[in-house]
Amino acid sequence: MSLIRLKRISRRYQMGAETIHALREVSLEIERGEYVAIMGPSGSGKSTLMNVIGCLDTPTSGEYELNNTLVSEMDDNELAEIRNKEIGFIFQTFNLLPRSDALRNVELPLIYAGVPAEERRRIALDALASVGLADRIHHKPNEMSGGQRQRVAVARALVNKPSILLADEPTGNLDSKTGAEIMALFSQLSNQGHTIIVVTHEEDIAKHARRILRIRDGLIASDERHEGARPATVPPASVP
């Protein structure tokens, strides 16, 4: 059974008298453990597809099944629970709490999940150590480099052991060297069995994935598999 199954998913928006067809009956399956990049020009539908997969938006029609659960019919409260439990989000802008240190930022999803304080501290510490930030746990975002902030965001995405890591332009605010180091970390996580979906407009970033979906005009224009995806060549703990 596929981890993600989209069946004839459409998403339409009404803008005045005009109907915008952001997605047009898209059918797609993603297996557990896959590393997928979604690419497409502005207005192609790639962000809408990401929002549907991430349960941030609901389709106008069609079925979306995530981890054997039909989520396309869920209400807002049920979708919020699915997002916290099943999906780890990594954003271009990091989305960290500026006044909280790395440990507190990483603990946040566990607080929402009702995990006891001692246990969530242990889980958060382990997650920060796994991304090479064991010595930065009490640093606030403005005391860290862009690469370190994105690593905190990755650690935060991992703590609830989600089914999917969903990354939206994860290197967009990073220089090329730091971006390469973050992609090396993603390769390491993929090798550990995590399911990773990266939305990007950069060909170099997409080539790290083993599968590239290209979206155009609300349709999947191509679905390419690359078993020999670019390897991780930068040690994941080397971000300054």
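Arginine 122 is partly exposed, with a relative accessible area of 46%, and that makes a friendly place to start. Here, buried means under 20% relative accessible area, exposed means over 50%, and partly exposed lies in between (1.4 Å probe, protein chains only). Arginine 122 forms a salt bridge with aspartate 126, their closest N and O atoms being 4.0 Å apart. A salt bridge is counted when a side-chain nitrogen of Lys or Arg lies within 4 Å of a carboxyl oxygen of Asp or Glu. Aspartate 126 is partly exposed too, with a relative accessible area of 48%. Because they sit 4 residues apart in helix H4 (residues 117–130), arginine 122 and aspartate 126 are separated by about one helical turn. Helices (H or I, at least four residues) and strands (E, at least two) are DSSP runs, numbered from the N terminus.

Before going on, a word about the model itself. It is a predicted model, in which local features need pLDDT of at least 70 and side-chain atom pairs count only at pLDDT 80 or more, while totals for chains, interfaces and linings use all residues. Residues are numbered from 1 along each chain as its sequence is written, and side-chain values use heavy atoms, leaving out hydrogens and water. The pLDDT is the predictor's confidence in each residue, from 0 to 100. The chain averages a pLDDT of 90, and 94% of the residues score at least 70. Over residues 231–240, however, the pLDDT is below 50, and beyond near neighbours in sequence this stretch has 20 contacts in the model. A contact means heavy atoms within 4.5 Å.

Now to the sheets. Strands of a sheet pair through backbone hydrogen bonds, either parallel or antiparallel. Two strands are taken as paired if DSSP finds at least two bridges between them. Lysine 7, for example, has glutamate 63 in S4 as its bridge partner.

Arginine 5 forms one with glutamate 65, the closest N and O atoms being 3.1 Å apart. Arginine 5 lies in strand S1 and glutamate 65 in strand S4, so the pair ties together parts that are 60 residues apart in sequence. Both arginine 5 and glutamate 65 are buried. Aspartate 57 and arginine 11 meet in another salt bridge (3.0 Å, N to O). This pair links aspartate 57, in the loop between H1 and S4, with arginine 11 in strand S1, 46 residues apart. Aspartate 57 and arginine 11 are buried as well. The structure holds 12 salt bridges, and Glu34, Arg211, Asp223 and Arg225 are linked in a network of them.

A further open sheet has 6 strands in the order S6-S7-S8-S3-S9-S10, with mixed pairing. Its edge strands are strand S6 (87–91) and strand S10 (219–225), each pairing on one side only. Neighbouring strands of this sheet are turned by 20° against each other on average, direction ignored. S6 and S7 run parallel and are joined by 5 bridges; phenylalanine 89 has leucine 166 in S7 as its bridge partner. Helix H5 (residues 146–158) lies across S6 and S7, running at about 170° to S6.

Strand S7 (residues 164–168) also holds alanine 167. Is alanine 167 buried or exposed? With a relative accessible area of 1%, alanine 167 is buried. Not counting residues up to four places away in sequence, alanine 167 touches Ile90, Phe186, Ile197, Val198 and Val199.

Finally, look at helix H3 (residues 102–112), which is mostly covered: 8 of its 11 residues are buried. Among them are Leu103, Val106 and Leu110. Helix H2 (76–86), H4 and H5 are included in what covers the buried residues of H3. After H3 comes glycine 114, whose phi is positive, near 80°.

Technical notes. Axes fitted to C-alpha atoms, helices over the stretch in contact; angles between N-to-C directions.
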